[in-house]
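Hi,

Here is the model I promised to pass on. Have a look at it first, and then read my notes below.

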Amino acid sequence: MLDVSYGFGSISSSELKQEFRKRKTSQAPIDRSGVWRFRELLPFVADPKQVVTLAEGNTPIYDAHRSAEYAGLDELRFKHQGLNPSGSFKDNGMTTGVTQAVALGAAAVACASTGNTSASMAAYAARAGIHAFVFIPADQVAYGKLSQSLEYGAKVIEIEGNFDDAMRLVRELAGETDLYLLNSINPFRLEGQKSIVIEMMEQCDWQAPDWIVLPGGNLGNTSAFGKALQEMHNLGFIDQMPRLAVIQAAGAAPFYELFTAADKSKLQPIEHPQTLATAIRIGNPVSWKKALRALQWTDGIVERVSEAEIADAKAVIGADGIGCEPASAATLAGIRRLAASGVINSSSNVIAVLTGNLLKDPSYTVGYHTGELILPDTAGERPFRGSFSNRSVRVAASKDAIKRLLAL
Ligand code: F0G
């Protein structure tokens with residue numbers, strides 16, 4: 001695993017904070033990007049004209065009252081990375097990853113993916129005019145995501161196996177061929193994903209919250225958040241380190257197992273990871289070492305949540321008028337657990353990162369509301385009845401029938 005490391009020299013955090021703000025009024029594409037606006041903190045591009053951007057980042061932070069109440073907190077905020085151009089936080093890292101690929105003269109990029117990385121890579125590769133090869137686990141990628149990779153013109157290769165099989169194969173192929181690998185083991189992707197927390201700190205007027213909560217799968221994002229916070233702290237952008245809380249689905253929680261084990265020297269992969277939050281259905285996360293380092297830097301923790309907890313939490317986030325895909329909702333489910341066990345104080349300042357858009361996985365959402373979701377951790381039982389399901393009703397095409405139905 002490689003890290004990008006800079007001699008930042010004599011950076012003035014106060015001058016840069018002003019410069020970052022000033023760029024918001026600029027029309028230059030490199031300034032309109034919520035990644036490249038912070039370029040002094042990821043200064044690896046020699047020629048800014050090579051930057052491949054879709055005006056990514058610039059995502060809002062929302063107050064979420066129903067979610068806060070559900071979690072047992074006074075307040076809770078969500079930074080919604082699902083409002084990126086391709087609908088997930090991957091765009092923050094793909095603008096930097098594809099820019100580096102172009103700088104190196106790569107003709108083709110590749111990744112293994114549970115769907116979002118591939119959708120994002122396909123979009124940026126299309127912008128850059130280079131070939132994209134995506135390796136996805138057959139029949140395990142949500143349709144919103146699969147449709148994006150197809151539409152953006154990537155060569156989609158469905159592997160008869162799970163994500164970890166696809167990851168292993170594409171890593172080996174990248175070693176033997178000219179394919180440039182754009183999974184998060186590529187350190188230039190993580191440089192871009194740092195901007196998620198850099199922008200978050202700017203939105204908080206550089207006053208770090210007590211907790212930043214995010215879902216964990218392949219653990220690239222956790223790694224990037226840790227590096228960003230460590231660098232911002234060292235450079236004087238923030239005075240206080242927030243704590244990271246990483247939430248995993250219980251059926252795909254090797255990092256939780258590692259975190260709670262006495263011996264943290266080696267992650268034990270989970271051979272058959274299971275969760276309907278397919279984005280984080282990963283048993284052998286490649287970035288676990290960097291993620292563990294991030295937890296050490298931030299006094300971070302890992303929690304795991306059940307399928308039912310994820311499903312209900314997702315509907316609560318929806319009820320706040322925000323919405324997200326299943327993996328993102330693991331955050332709220334995790335916060336609720338951590339608040340109940342007293343790890344997170346009810347008056348704490350908490351920001352959770354919603355990693356993907358509601359529209360990524362419509363089958364899951366409709367299944368929840370119609371009572372047709374079969375949760376893998378309750379296999380053999382009846383379909384799951386969500387606590388917040390909201391069924392549609394069918395009625396004859398007549399005003400009288402509608403009036404009777406709605407008791408108008
Ligand atoms: N949330 C969503 C919506 C994701 O797509 C992913 C990862 C994660 C959370 C976990 O982030 O891997 O950095 O720990 N999706 C990858 C993909 C694996 O291929 O799209 P992580």
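What follows is a short tour of the ligand site, the cavity and the pockets.

A bit of housekeeping: this is a predicted model, so local features need pLDDT of at least 70 and side-chain atom pairs count only at pLDDT 80 or more, while totals for chains, interfaces and linings use all residues. Residues are numbered from 1 along each chain as its sequence is written, and side-chain values use heavy atoms, with hydrogens and water left out.

Let's start with the ligand. There are 21 residues around it, and Ser 113, Gly 217, Asn 218, Leu 219 and Thr 355 come nearest (near means that a heavy atom of the residue lies within 4 Å of the molecule). By class, that shell has 7 nonpolar, 12 polar and 2 charged residues. In this scheme Ala, Val, Leu, Ile, Met, Phe, Trp, Tyr, Cys and Pro are nonpolar, Asp, Glu, Lys and Arg are charged, and the others, Gly among them, are polar.

Polar contacts next (pairs of N or O atoms within 3.5 Å). The side chain of Lys 90 has an N or O atom 3.0 Å from a nitrogen atom of the ligand. Asn 116 places a polar side-chain atom 2.8 Å from a ligand oxygen atom, and a polar backbone atom of Leu 219 is 2.7 Å from an oxygen atom of the ligand. On its own the ligand has 480 Å² of accessible area, and the protein covers 98% of that (Shrake-Rupley method, 1.4 Å probe).

Where does the ligand sit? It is in the largest cavity, by the criterion that more than half of its atoms lie within 2 Å of the grid points. A cavity here is a set of points, on a 1 Å grid over the protein atoms alone, where a 1.4 Å probe fits but cannot get out; a pocket is an open set with protein on both sides within 12 Å along at least five of seven lines, and lining residues have an atom within 4 Å of a point.

The whole-structure search finds 1 cavity of 30 Å³ or more. The largest cavity has a volume of about 320 Å³, counted as the space filled by probe spheres set on the points. Its lining has 27 residues, with Phe 89, Lys 90, Gly 217, Asn 218 and Ala 279 closest to the centre. They divide into 9 nonpolar, 14 polar and 4 charged. H9 gives the largest share of this lining, 3 residues (helices are DSSP runs of H or I, at least four residues, numbered from the N terminus).

Now the pockets. The largest pocket has a volume of about 330 Å³. Of its 15 lining residues, Asp 139, Leu 276, Thr 278, Asp 361 and Ser 363 lie nearest the centre, and the lining splits into 7 nonpolar, 5 polar and 3 charged.

The second largest pocket holds about 150 Å³ of space. Its lining includes Ala 311, Lys 314, Tyr 368 and His 369. Helices H12 (307-319) and H14 (362-369) each give two or more residues to that lining, with the largest share, 5 residues, coming from H12.

Cheers

How values were computed:
A polar contact is a pair of N or O atoms within 3.5 Å; within protein, one must be able to donate a hydrogen and the other to accept it, and residues adjacent in sequence count only if both atoms are side-chain atoms.
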